Structure formats: structure tokens, C-alpha cells
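Reader: I am new to this structure and would be grateful for a guided reading.

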Amino acid sequence: MYNIIIYIYLLGVAIASLFSSKVRRMWRGEREAFDVLRNGVEDGAQYVWFHAASLGEFEQGRPLIEELRRTHPQYKVLLTFFSPSGYEVRKNYEGADIVCYLPLDTPLNARRFLRLVRPVMAFFIKYEFWYNYLHILKHRGVPTYSVSSIFRPDQIFFRWYGKSYGKVLACFSHFFVQTEQSRKLLASIGFRNVSVTGDTRFDRVLQIQKASKHLPLIENFVQGKHLFVAGSSWAPDEEIFVPFFNSRSDWKMVIAPHVVSEDHLQQLEQMVEGTTVRYSKATPETVVEADCLLIDCYGLLSSVYHYADVTYVGGGFGVGIHNVLEAAVWGVPVVFGPNNQRFHEAQELMAAGGGFEVDCKAHFEALMDEWIDAPWRVQVAGEKSTEYVKSKVGATNKVLEEVFSK
């Protein structure tokens with residue numbers, strides 16, 4: 001049944017590629033992956049294979065890749081992606097020897113791929129359970145690990161109708177899960193090869209913090225006022241927070257929208273009643289007089305958070321919030337929308353006192369008024385944020401210690 005679904009999906013992708021440039025890039029990239037491997041794999045080299053669905057999973061796997069290269073330089077690294085949003089951004093990642101798409105999980109593709117690479121071990125990040133690849137890895141005796149994974153009761157593995165597909169879990173040599181609940185769920189269906197090591201993203205955000213950029217334009221922009229930074233925001237998020245700051249002359253606002261398009265930037269410029277300036281066009285002189293700075297480029301957000309008094313992470317009024325840890329690591333309160341139940345780190349950040357959920361504009365305004373009236377609350381919340389992040393670091397070393405202790 002699984003392979004039938006995969007072939008139907010393959011047909012759908014082929015058809016969709018005629019109409020979507022994103023799907024077309026993925027379709028072309030998957031077919032070209034075998035040429036990349038034939039030309040790139042070195043005879044006699046030992047490859048460790050890391051697979052990440054997209055950019056977020058790559059960021060989770062990155063600390064492992066870099067620590068592996070540092071401590072075990074005898075291995076070469078193969079990095080694969082499923083999504084164009086991951087591959088297109090990181091196709092030139094210097095931490096890997098080969099970067100390519102992962103061909104779709106048909107039996108033929110899996111056999112061809114593994115025959116070319118012959119990995120000595122494989123790491124699948126978070127939610128990756130490719131049936132044919134995993135079964136062939138197990139058949140070949142390749143140690144295979146699930147890293148930073150989370151399991152929930154509603155997943156197919158724990159349903160009566162998912163027992164057949166659930167056999168794919170038996171292909172993993174070890175599970176490195178984020179939560180105790182995940183360990184208990186796996187134990188309930190007979191899997192004991194599980195360690196609760198936490199999330200490698202905590203290690204990653206500390207790396208990002210240490211490598212953060214000094215941004216003189218942001219310093220010029222702030223001019224001694226309070227700063228609100230909204231990261232990865234969508235239109236429903238912006239409708240929550242922009243009106244509040246339209247009436248606050250003692251605060252300045254930075255918005256780094258998730259979608260950096262001309263239409264969206266123009267919408268924001270219309271929403272903000274004060275003066276706005278785009279980062280790409282800003283000068284030390286123009287930012288001083290601006291009330292709102294729009295980040296219209298990528299790669300700056302994690303450094304911008306450093307200058308904030310209060311942060312907001314978008315997505316919580318849509319499919320789900322984005323990365324709250326990049327903000328929390330700087331010791332600031334992190335505000336987000338109500339769709340955060342599936343995000344373990346957001347739930348824990350709220351429980352720790354550093355994260356705050358808002359479900360409407362009035363709720364956001366009440367929270368901000370409370371903080372403005374009692375600034376010490378902002379400081380306490382910020383301390384709780386950074387304490388939470390620091391308490392969770394170390395997953396990378398725990399994983400590699402277990403892997404190489406065998």
C-alpha cells in the first residue's frame with residue numbers, strides 16, 4: 001500500500017511540476033541527484049548521511065554535522081533535502097561534502113541511491129520515516145538514527161490501522177527523542193532503544209548567538225527608545241501588533257516578515273502610521289527619524305533580536321509558530337499566537353515564564369500595557385527565557401556520545 005501511494009504521489013508531482021516552479025525545481029533536483037552522487041562520491045570514502053526534510057530540520061541537524069566533522073574528521077558528510085526551501089538555501093553548505101535532493105522513496109530509487117553512497121551510518125532528523133530507504137539500510141546493517149524526534153498519540157504508529165506502517169520504526173538502531181512522552185509512546189509499542197536527549201536546536205541557537213552580527217544601523221535606529229522586534233510575521237500577526245505601536249512614540253518597531261515580497265512590504269508601509277524605512281535602503285541618517293524598520297532581506301533576524309526589549313514570533317495565527325528559540329536565547333520575552341500546541345519548546349517556554357500567548361489584538365495590548373507599567377516584569381520574563389534555553393543545551397553531545405560508544 002505504501003509503495004502504491006508513493007507512485008501516485010510521484011505522478012502528482014510530475015503533473016504539478018508543469019504548473020509550479022517550486023515543484024519543478026524539486027522534481028528536477030530529485031532526478032539530478034543520481035548524477036550528483038555519481039560525480040561526487042569518492043571511492044573508498046566513508047560517508048555519514050544526514051537527511052533533513054527542509055530548512056528547519058537542517059538547523060536541528062547542523063550542530064550534529066559540525067560536531068561530527070570536528071571530532072571524527074575521517075568521515076565525509078552527505079546532506080540530503082526533500083524540500084526546495086531547504087535545498088535552495090543550503091545547497092552550498094560548506095559543512096557537507098555533498099548536498100543534493102533525496103529522490104522519492106520508491107524501491108528502485110532507494111536501491112540506486114544507497115548503492116551509490118554506501119553510507120556507514122545515517123541520521124534522519126525529526127519527522128523523517130522513509131519506508132524503503134530505512135528497510136534497505138536495515139537490511140545492509142547500516143546504523144540508522146532518528147534525532148530530535150517527537151512522537152504523539154495521534155500519529156499513525158500508535159493507531160490500530162498503522163501497525164503495518166509502524167514496522168518502519170524497527171529499522172532505527174536508536175531513537176534520540178525530545179520528550180519523555182515520546183519515550184513512553186515508543187515503549188508502549190515495544191521500542192526500548194530510546195534516549196531522551198532533548199532538541200539539538202538549543203545547541204544551534206547558542207551557535208547562532210555566538211556568531212551574531214553587529215548591526216550599526218539597528219543601533220542608530222533605536223536611539224535610546226524601547227524596541228519591539230517581530231520576526232517571521234504574517235498578515236494576521238501584523239494586524240495584532242502594528243496598531244499598538246502606531247500610538248507609541250516611546251517605542252520603535254522592527255518587522256522581519258516571513259514573506260519578503262513587494263506586495264507585503266507595501267501593505268506594511270500602509271499599515272504603519274509613522275515613518276518606515278526598508279533595511280536595504282536605510283542609511284545611518286534615515287533610520288534615526290524612522291518609527292519602523294522593515295527587514296527586507298534574509299539572514300539578519302537572529303542578530304536583530306539581540307537589540308529587542310520585547311519580541312514577537314509569527315505564525316501562531318496560521319499553521320503554527322516559527323522559531324521562538326532564536327529570540328529567547330537573547331534573554332527577552334517572546335510573544336506568539338495561539339496555534340502553538342504542537343510546538344513543545346513554545347509550551348515549555350510559557351511554563352518557564354518567558355513565553356506569552358496572545359489570541360487577539362486586545363490581549364496583546366493588555367500584555368504590553370502591563371509591561372510598560374511594570375518594566376521589571378519584562379526583565380524577569382527575559383531572564384526566564386535565557387534560563388530556559390541554557391537548561392536545554394547539550395543534546396548534540398549526548399547523541400554523538402551514544403552513537404560512538406558502541
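Predicted model: local features only at pLDDT ≥ 70, side-chain atom pairs only at ≥ 80, totals over all residues.

Reader: Is leucine 294 buried or exposed?
Author: Buried means under 20% relative accessible area, exposed means over 50%, and partly exposed lies in between, with a 1.4 Å probe and protein chains only. Leucine 294 has a relative accessibility of 0%. It therefore counts as buried.

Reader: In which strand does leucine 294 lie, and which residues does it touch beyond four places in sequence?
Author: Strands are DSSP runs of E with at least two residues, helices are runs of H or I with at least four, and both are numbered from the N terminus. Leucine 294 belongs to strand β11, residues 292-294. With contact meaning heavy atoms within 4.5 Å, and residues up to four places away not counted, leucine 294 touches Ile255, Leu265, Leu268, Glu269, Val277, Arg278 and Tyr279.

Reader: How far apart in space are leucine 294 and lysine 281?
Author: In sequence, leucine 294 and lysine 281 are 13 residues apart. From C-alpha to C-alpha, their separation in space is 9.9 Å.

Reader: How many cavities of 30 Å³ or more does a search of the whole structure find, and what is the volume of the largest cavity?
Author: On a 1 Å grid over the protein atoms alone, a cavity is a set of points where a 1.4 Å probe fits but cannot get out, and lining residues have an atom within 4 Å of a point. Grid points are joined across faces, edges and corners, and a volume is the space filled by probe spheres set on the points. The search finds 1 cavity of 30 Å³ or more. The volume of the largest cavity is about 30 Å³.

Reader: Which element gives the most residues to the lining of the largest cavity?
Author: The lining consists of Phe50, His51, Ala52, Glu57, Phe58, Gly61, Arg62, Ile65, Leu79 and Ile125. The element that gives the most, with 5 residues, is α3.

Reader: How many residues of that lining are nonpolar, polar and charged?
Author: Ala, Val, Leu, Ile, Met, Phe, Trp, Tyr, Cys and Pro count as nonpolar, Asp, Glu, Lys and Arg as charged, and the others, Gly among them, as polar. By this division, the lining of the largest cavity has 6 nonpolar, 2 polar and 2 charged residues.

Reader: Is glutamate 59 buried or exposed, and which residues is it in contact with beyond four places in sequence?
Author: Glutamate 59 is found in helix α3. Its relative accessibility is 16%, so it counts as buried. Leaving aside neighbours within four places in sequence, glutamate 59 is in contact with Arg90, Arg204 and Ile208.

Reader: What is the relative accessible area of leucine 55, and what is it in contact with?
Author: Leucine 55 is also a residue of helix α3. It is partly exposed, with a relative accessible area of 27%. Apart from neighbours within four places in sequence, the contacts of leucine 55 are Ser85, Gly86, Val89 and Arg90.

Reader: At what angle do helix α17 and helix α18 pack, and which residues make the contact?
Author: Axes are lines fitted to C-alpha atoms, for helices over the stretch in contact, and angles run from 0 to 180 degrees between N-to-C directions. Helix α17 (residues 361-373) and helix α18 (residues 375-391) pack at about 105 degrees, with their axes 4 Å apart. Since 65 to 115 degrees counts as roughly perpendicular, α17 is roughly perpendicular to α18. The contact is made by Glu370, Trp371, Ile372 and Asp373 of α17 and by Pro375, Arg377 and Val378 of α18.

Reader: What is the phi of serine 148?
Author: Serine 148 is found in strand β5, residues 144-149. With 1% relative accessibility, serine 148 counts as buried. Although serine 148 is not a glycine, its phi is positive, at about 55 degrees.

Terms used:
Residues numbered from 1 in each chain as written. Heavy atoms only, no water. Parallel < 35°, antiparallel > 145°, perpendicular 65-115°, else oblique. 1 Å grid on protein atoms, 1.4 Å probe; cavity = no way out; pocket = protein on both sides within 12 Å on 5 of 7 lines; lining within 4 Å.
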